[in-house]
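Here are some notes to read alongside the structure. They go point by point and can be checked in any viewer.

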Amino acid sequence: MLNFAHQEHVSSYYLATANQSFTFPPLTQNTTADVCVVGAGFFGLSAAIELAQRGKSVIVLEGARVGFGASGRSGGQAINGFEEGIDEYIKILGENEAHKLWNMSLEAIDIIDERVQKFHIDCDWKKGYATLALNNRRMDDLIAIEKDSRERFGYPHLKLWDKSQLQQYLGSDIYVGGLFDSNSGHLHPLNYCLGLARACVDLGVKIHEQSPVLDIQAQSKLTVVKTDQAEVRCKDVVLATNAYVTELPKSVHHGIAKKILPVESCIIATEPLSQKMADSLINNGMSVCDNNYLLDYYRLSADNRLLFGSDVKTNHGYEKAMHKEMLYVFPQLENIKIDYAWKGPIDMTLNSTPHFGRIASNIYFAQGYSGHGVALTGLAGRIVAEAICGDDSRLQVFERLHVPAIHGGKLVKKAATAIGTRYYRFLDKFR
């Protein structure tokens, strides 16, 4: 049995503050649809919305609960661009196509704006995001990003802050400066995901939870998607399984699991802070991330808790390790209680390049968001829907990107993650 199948939501601050809940029935009878989407996270639900708006009948199959994975547990930061620098994409695609990628990354932010407004999604969506540097070498990286974004793409939303400027907004003195983006932002990920699910239902999409997919059989004129109780016959399939693709049978993922390295990310949430204390930490409502390889990210919640996350640096006792990391950034929180702690996998690729494409002519996928999933998943849903409806020009841009495979199965991936963590921790010390 799949590890995630028939599971309930992981306990978290987001679950405790969810503003709606659903219980969709499992698929128990054979049925048909134009498109079957496998996975009810940001990407799957976004694809379903786009397809339904284009007149397609859509069924979404979720092995656990809507938003069970990173879509309901992540840091909630919606960031423009990609984890890999744009120069790498220029080398592969050329200036014009790389420019298209940049513009699509901005569209990804616009999609959140659009959906929050159109579907009245209450998810604490707020603009403002800062990337911070812990030393002068890393500050040079931010200076180069600002210059490149402004001169090459005409992006007007970035502002460089030196240490004194940063400290006007942030109550920590460990950073030498930062790069503020007034266009990127953050949200309550589970409430956003549940809002997307509500939009799907209103558009006529059928969602089935507790319906893990065990097999996909491509036949001459249709595809059969089999769960543990029934099957869907459809023309097109969208695989929206992200980090959990590695748990699926090969007959479902057809080898794309080799492109993904699930990496655990952990978050803690403090007790509610006084307004004075909250303002002493972050007084402009922004979300924050440093530019380490193994990075910290944090923000204030709507009820003035500090949500503090980090790429995993220890396999055991992560709550204690996270608390220590938080106090390194904000020692003034020493006497503040931690109310919640949770973790979950995010889907990384070895080169941090998003992996979008097709397994077959009628089986589509998108994965490997590498920390940019809150925004890029919405874009992926739109691009895949366009392709299913006959225009695959934008999907082809992503298909030209090289994403290396990781061979050797789960044990090799586990070893690669452990080695990679040590390697990047070493680089962070000397970079």
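1. Strand S11 (residues 261-270) runs antiparallel to strand S14, and five bridges join the two. Within this pairing, Cys266 stands opposite Ser310 in S14. The model is a predicted one, and that applies to every point below.

2. Is S14 itself buried or exposed? Six of the six residues of S14 (residues 306-311) are buried, so the strand is largely enclosed by the rest of the structure. In a regular strand, side chains alternate between the two faces of the sheet. In S14, Leu306, Phe308 and Ser310 point one way, while Leu307, Gly309 and Asp311 point the other way. Residues of both sets are buried.

3. Helix H2 (residues 42-53) is another enclosed element. Eleven of its twelve residues are buried, so H2 is largely enclosed by the rest of the structure. The buried residues include Phe42, Phe43, Leu45, Ile49 and Leu51, and also Glu50. As to its length, twelve residues at 1.5 Å a residue should span 16 Å, and the end C-alpha atoms of H2 are 16 Å apart, which agrees. Just after H2 comes Gly55, with a positive phi of about 90°.

4. Helix H3 (residues 86-93) has Ile86, Tyr89, Ile90 and Leu93 buried. These four cover an arc of only 105° around the axis, which puts them on the same side of H3. What do the buried residues of H3 pack against? Their partners are helix H4 (95-118), helix H5 (136-153) and helix H12 (393-399). Gly94 follows H3 and has a positive phi, near 95°.

5. Helix H11 (residues 373-388) is mostly covered, with 16 of its 16 residues buried. At 1.5 Å a residue, its 16 residues should span 22 Å; the end C-alpha atoms are 21 Å apart, which agrees. Just after H11, Gly390 takes a positive phi of about 115°.

6. How many disulfides does a search of the whole structure find? The count is zero. Cys200 is in no disulfide, and the nearest cysteine sulfur, that of Cys193, is 9.1 Å away. Cys200 is also buried, at a relative accessible area of 0%. For Cys389, the closest cysteine sulfur is in Cys234, 14 Å away, too far for a bond. Cys389 counts as partly exposed, at 37% relative accessibility.

7. Two loop residues may be looked at together. Gln210 lies in the loop between strand S7 (206-208) and strand S8 (213-218). Its relative accessibility is 9%, so Gln210 counts as buried. Leaving aside neighbours within four places in sequence, Gln210 is in contact with His6, Gln7, Glu8, Pro26, Glu62, Gly63, Ala64 and Arg65.

8. The other loop residue, Gly171, lies between helix H6 (163-166) and strand S6 (177-186). Gly171 is partly exposed, with a relative accessible area of 24%. Not counting residues up to four places away in sequence, Gly171 touches Ser280, Leu281, Phe330 and Gln332. From Gly171 to Gly381 the separation is 210 residues in sequence and 38 Å in space, C-alpha to C-alpha.

9. Last, the confidence of the prediction. The average pLDDT of the protein is 91, and 92% of the residues score at least 70. Over residues 411-430 the pLDDT is below 50, and this stretch has 22 contacts in the model beyond near neighbours in sequence. Where pLDDT is low, the predicted coordinates should not be read in detail.

Terms used: Residues numbered from 1 in each chain as written. Predicted model: local features only at pLDDT ≥ 70, side-chain atom pairs only at ≥ 80, totals over all residues. Heavy atoms only, no water. Buried < 20%, exposed > 50% of the residue type's maximum accessible area, 1.4 Å probe, protein only. Pairing = 2+ DSSP bridges. Expected span 1.5 Å × (residues − 1). Arc of directions from axis to C-beta. Contact = heavy atoms within 4.5 Å. pLDDT = per-residue confidence, 0-100. Disulfide = S-S within 2.5 Å.
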